[in-house]
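Please keep the structure open while reading.

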Amino acid sequence: MGKIQKILVHEQVSQEIQNFIQEHELSEGDKLPSVEEMTRMFGVGRSSLREALRYLEAMDIIEVHNGKGIFVKEVNTFRITGKVKIERERNFLLNILEVRRALEGQAVVLASKRITSKQIKEVEECLEEYRILKEANKDTSQIDLMFHLHIIKAAKNPILETVLDSISGLYEKFFNEPLGDKALFDETYPFHHTMFAGIAAHDTKVAMEEFDKLMDCIEAKIKSVK
């Protein structure tokens with residue numbers, strides 16, 4: 001719980017610093033208050049403030065010169081807001097992706113051992129609908145989500161299914177215009193087929209190799225968005 005709180009403080013402080021820049025109409029090259037002054041202004045500890053400063057420096061909003069002070073680097077309000085929003089969503093998706101690799105990866109392992117003939121047929125029908133929508137250049141996000149839910153169900157582990165369901169609101173961010181682009185993960189399409197081929201053949205090794213390729217593709221696409 002402490003770590004979550006720390007992240008929240010760092011985000012709040014970085015936003016307060018941006019507000020300060022805008023409210024005082026500071027320009028590129030203008031000097032910000034010292035670390036000591038800002039800890040008093042915002043009522044936070046030095047570690048939280050320094051974390052916020054590192055974050056803003058990485059976003060090219062400020063630059064820190066040791067021994068000289070903290071200076072404004074980017075003052076365009078729209079660009080500040082846009083950069084921060086994209087960076088936050090990108091980090092959020094990457095964090096959830098780590099959870100997907102662990103939990104959904106285990107679902108793929110179990111599904112490759114437990115999937116039934118009936119479930120194989122259901123996934124085949126799902127993939128056929130996926131193909132039709134893709135070839136018609138229609139939105140495939142929901143049928144993509146349905147494919148993954150089929151695999152999770154085929155794992156036949158009610159606890160795993162419950163855990164994934166409990167974070168479904170976070171999980172579904174991948175399928176609801178991630179980073180403002182419905183087609184962001186279109187390149188993962190072939191890996192759905194190859195991963196499923198491994199699962200249907202009860203070949204856990206192939207299924208996991210293709211699952212890893214799918215996850216790697218998603219990770220690369222998230223990181224490519226600037």
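This is a predicted model: local features need pLDDT of at least 70, side-chain atom pairs count only at pLDDT 80 or more; totals for chains, interfaces and linings use all residues.

**Helix pair H2 and H3**
- Helix H2 spans residues 35-42 and helix H3 spans residues 46-58; their axes come within 10 Å and cross at roughly 105°.
- On the H2 side, the contact involves Val35, Glu36, Met38, Thr39 and Phe42.
- These residues meet Arg46, Leu49, Arg50 and Leu53 of H3.
- Sorted by class, the contact of H2 with H3 holds five nonpolar residues, one polar residue and three charged residues.

**Hairpin S1 and S2**
- Strand S1 (residues 62-65) runs antiparallel to strand S2 (residues 69-72), and four bridges join the two.
- Val64 has Ile70 in S2 as its bridge partner.
- Three residues lie between S1 and S2 in this hairpin.
- Gly67, in the turn, has a positive phi of about 85°.

**Confidence**
- Mean pLDDT for the protein is 88, with 92% of its residues at 70 or more.
- Confidence is lowest in helix H1 (residues 2-23), where the mean is 72, and highest in helix H9 (residues 189-200), where the mean is 98.
- Residues 1-7 have a pLDDT below 50, and this stretch has one contact in the model beyond near neighbours in sequence.

How values were computed. Residues are numbered from 1 along each chain as its sequence is written. Side-chain values use heavy atoms; hydrogens and water are left out. Two strands pair if DSSP finds at least two bridges between them. Axes are lines fitted to C-alpha atoms, for helices over the stretch in contact, and angles run from 0 to 180 degrees between N-to-C directions. Contact means heavy atoms within 4.5 Å. Ala, Val, Leu, Ile, Met, Phe, Trp, Tyr, Cys and Pro count as nonpolar, Asp, Glu, Lys and Arg as charged, and the others, Gly among them, as polar. pLDDT is the predictor's confidence in each residue, from 0 to 100.
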